[in-house]
Amino acid sequence: RLLIAAGIVLIALIFVYVRLVRGVIKPAHLIMGGVHAMAEHKHSHKIVIETSDEWQQLAETFNNALEGMKELEVAHFVQTCILPAADICSGAARFAGRTVPADDVGGDYYDAFIPAEDEMVFFMGDVSGHSISAALVVSMARAAFSGIVDQGIKMPHEIFAMMNNLMLVHLRRVKMMTCFGGHVDKNGR
């Protein structure tokens, strides 16, 4: 009887050990791998846990978070490429800007264009919100301002009238952009 009881206890301990390793230790190790991947910006890392419980839900949440971080990093890169990297000079006018977004991706916008020799048209603005959608509106605004100035329109009131119409048509009042700008003529005014 003592041998049978010892065998039953041994089998129970083996069962508990296997269950502990498969149900707690291994999933926790995989989750920690996801934490390290997140810290190292390894966005392609995927946590695979098929336990049909909270561990699997946590793994799916980590995978979604890693994917979201990848999108934010791409949006941040695109935004930094849109904004001027150096001063823009034309005649006596010099335009320089710098932004420090509240989040990884924001809605800050500034730029200057040179429509003719010794002239400059400049803009500074902010899109409502601090997210990927704000960064997308900034990229749209940059393209629109550039296109309008390329058409030969230089005066801010004309540019903003066209820009307002574009924003109303394409953004359908979901996002708002406040902006101001100016024109520096050949005489520096």
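Is Lys46 buried, exposed or partly exposed, and what is its relative accessible area? I looked it up: Lys46 is partly exposed, at 43%. Buried means under 20% relative accessible area, exposed over 50%, and partly exposed in between, with a 1.4 Å probe and protein chains only.

Before going on, I noted that this is a predicted model, in which local features need pLDDT of at least 70 and side-chain atom pairs count only at pLDDT 80 or more, while totals for chains, interfaces and linings use all residues. Residues are numbered from 1 along each chain as its sequence is written, and side-chain values use heavy atoms, with hydrogens and water left out.

**Salt bridges**

I found that the structure holds six salt bridges. The term stands for a side-chain nitrogen of Lys or Arg within 4 Å of a carboxyl oxygen of Asp or Glu.

I took Lys46 and its partner Glu67 to begin with; their closest N and O atoms are 3.8 Å apart. Lys46 sits in the loop between H1 and H2 and Glu67 in helix H2, so this pair links distant parts of the chain, 21 residues apart. Helices (H or I, at least four residues) and strands (E, at least two) are DSSP runs, numbered from the N terminus. Glu67 is partly exposed at 31% relative accessibility.

Next I checked Glu119 and Lys154, whose side chains meet in a salt bridge of 2.8 Å, N to O. Glu119 lies in the loop between E3 and E4, and Lys154 in the loop between helix H3 (132–150) and H4, so the pair ties together parts 35 residues apart in sequence. Glu119 is buried at 5% relative accessibility, whereas Lys154 is partly exposed at 26%.

I also noted Glu40 with Lys42, where the closest N and O atoms are 3.0 Å apart. Glu40 is partly exposed at 47%, and Lys42 is partly exposed at 46%.

**Backbone angles**

I looked for positive phi outside glycine. Ser52, in the loop between H1 and helix H2 (54–82), has phi near 55°. Ser52 is exposed, with a relative accessible area of 70%. Asp118 has a positive phi of about 65° and is found in the loop between strand E3 (108–113) and strand E4 (120–127). Asp118 is partly exposed at 34%.
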